[in-house]
Amino acid sequence: MSEETPSGLTPRDRAGEEKARSRRRRRNVAIGVVVALVAAVGIGQLAFGLVSRAIDATGWTCGSGWSRIDDGDLADMRIVRWGTPEAREQGFEPDEFTDLPPGLAAPSLTTYADPPASGYDPSLYPLDGGVVVQASGYYDKSWVIADAQTGDPLWGVESGTSGFSTVQGFGLVSAREDGRTDLTTFDPRTGDELSCVRLDGKVLHLDGIGEDLVVALSIEGGDDTSYRMVRLDPSTGKVAWDQPLGVHPATVHTAGGEIVISSRQVGAIATSWGGRAPSSVVVLDPETGEQLREHDVPGGELAVVGTTALPDGGSGTLALSIPDREAWSDAIGEYVLIDDQGEELWRTVANFGRDDLAFWSAGDVLVVLEGYQPVGIDIRTGERLWQAEGAGMEDDIGVLDSGGGPVLVLPGQREESGDFVTHLIDPRTGEVTVVDAPLHSFRLTDSYVLSTTARTQIVILLDS
């Protein structure tokens, strides 16, 4: 997952911001606000400095740092519905999006090709549960949750200097003040405030594991910074464990069921040789939070590309290993797959790029990028199966399973005619099927795909 502030937000509307301030029902007290969506329905009281919807000794009320958008204002924050005259004004013809990848029904929504007279021109971000996130503003941001089929705004908040990202579930606003963070959780469809908790430190990562949430934190202490990780059941607030971390959690991976931490990002070891501390990969027991093992490359670099479930059970970690500076200079390393017992299953050559490291799991095939071109690797043996002719980047590519097995979706491929098409790649054979839909990106949720065209973003519903 990623918790960074998204790019592409619209310029600030100072007049609109002033109007918003006058109707806020709470004082916005966030100094550094981060917004994330988590796989949960609420967060209760934690054991290390948290309070739940109460005023502590400092007079602070948990849940500050945001305010609701009034229903009257929400009515003007509608996304353009597909098939309407307004949608056609964005330059679309319906037959452009009839030849879609299998499993996709039809577009439902689009953003504007040109900013409308109202000035409201949000960027869209994906979220499960049949809703889509609208983000607008630059310094004072608004986040509006809309129905992914109709575009109707359901609820929204304004949250000062916030950012916004999605993990896999409900809404969570985190507001920082005096070295502490307030986490407020919302129901994604109703906007009901489910809970609020307060913790010491700055949230670095929020990741779902099972039905729980793991939170990585940094705590400033004079000249030193320490790190902790907490696992909790967000539906009850019960804390499973709270453990110190011995490494900086540059990335946290939970997709395979383990908690795997890299002290350096994989992009960092690919683009710069050496850091302030040796790179390493640490694995935590998801039941206790205790460290199970640590992997490193003496004299070299090691970082996690991703984690995944293995075909025969258990979980695996795909890491990039660079043995020395000469190999780094030549951009040659090894992909290493490590199982949940710490055993290496295989190694294979990695001709890694400086800024195109990414990974997808497609059944019994792992797909990585080399020179922006997808490469299929057998997850059992490490054998390189194929390399695609088309190219893309991490946010452009996705895996879609419509019941006939997974398919790698590679949009934004330009033909000799100049038209854009979408490639569908069989992950076992590398065979390519071309569909005419001029998609430029592919971000999958449980009910739709969020894509881009040459000038807009569109929501495409799944067949189901």
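Predicted model: local features only at pLDDT ≥ 70, side-chain atom pairs only at ≥ 80, totals over all residues.
Residues are classed here as buried when their relative accessible area is under 20%, as exposed when it is over 50%, and as partly exposed in between.

The structure holds 15 salt bridges. In one of them, Asp147 is paired with Arg189, and the closest N and O atoms are 2.8 Å apart. This pair connects distant parts of the chain, since Asp147 belongs to strand E7 (residues 142–147) whereas Arg189 is found in the loop between strand E11 (180–186) and strand E12 (193–200), 42 residues apart. The two partners fall into separate classes of accessibility: Arg189, with a relative accessible area of 36%, is partly exposed, while Asp147, at 14%, is buried.

A second salt bridge is formed by Asp212 and Arg231, with a separation of 2.9 Å between the closest N and O atoms. Asp212 is part of strand E14 (residues 212–221) and Arg231 is part of strand E15 (residues 224–233), so parts that are 19 residues apart in sequence are tied together by the pair. Asp212 is buried at 14% relative accessibility, and Arg231 is likewise buried, with a relative accessible area of 11%.

In a further salt bridge, the side chains of Arg384 and Glu370 meet at 2.8 Å, N to O. Here too distant parts of the chain are linked, with Arg384 in strand E28 (residues 384–387) and Glu370 in strand E26, 14 residues apart. Glu370 is buried, its relative accessibility being 6%, whereas Arg384 is partly exposed at 30%. Salt bridges also join Asp312, Asp364, Asp378, Arg380 and Arg428 into a network. In general, side chains of opposite charge can pair when their charged atoms come close.

The largest nonpolar core comprises 24 residues, of which Leu318, Leu320, Tyr335 and Phe352 touch the most other members. Two or more residues are contributed to this core by each of helix H4 (266–271), strand E21 (301–309), strand E22 (315–322), helix H5 (325–329), strand E23 (333–339), strand E24 (344–350), strand E26 (365–370) and strand E27 (373–378). When neighbours within four places in sequence are left aside, the contacts of Leu318 are Val304, Val305, Gly306, Tyr335, Val336, Leu337, Trp346, Phe359, Leu366 and Val368. Another core, of 16 residues, lies apart from the largest one and includes Phe97, Leu400, Val449 and Ile458. In soluble globular proteins, nonpolar side chains tend to be buried together.

Ala331, although not a glycine, has a positive phi of about 55°. Ala331 is located in the loop between H5 and E23 and is buried, with a relative accessible area of 17%. Tyr372, also not a glycine, has a positive phi of about 70°. The loop between E26 and E27 holds Tyr372, which is partly exposed at 27% relative accessibility. Most residues other than glycine have a negative phi.

The antiparallel pairing of E29 with strand E30 (residues 406–414) extends over four bridges, and Leu400 is placed opposite Val407 in E30. Leu400 is also among the residues of the 16-residue core.

Ser441 occupies the loop between E32 and strand E33 (443–444). With a relative accessible area of 9%, Ser441 is buried. The side chains of Ser441 and Thr452 are joined by a polar contact of 2.9 Å. Apart from neighbours within four places in sequence, Ser441 is in contact with Asp395, Asp396, Pro411, Leu450, Ser451 and Thr452.

Conventions:
Residues numbered from 1 in each chain as written. Heavy atoms only, no water. Pairing = 2+ DSSP bridges. Core = buried A, V, L, I, M, F, W, Y, C linked by side-chain atoms within 4.5 Å. Buried < 20%, exposed > 50% of the residue type's maximum accessible area, 1.4 Å probe, protein only. Contact = heavy atoms within 4.5 Å. Polar contact = N/O pair within 3.5 Å; in protein donor to acceptor, adjacent residues only side chain to side chain. Salt bridge = Lys/Arg side-chain N within 4 Å of Asp/Glu carboxyl O.
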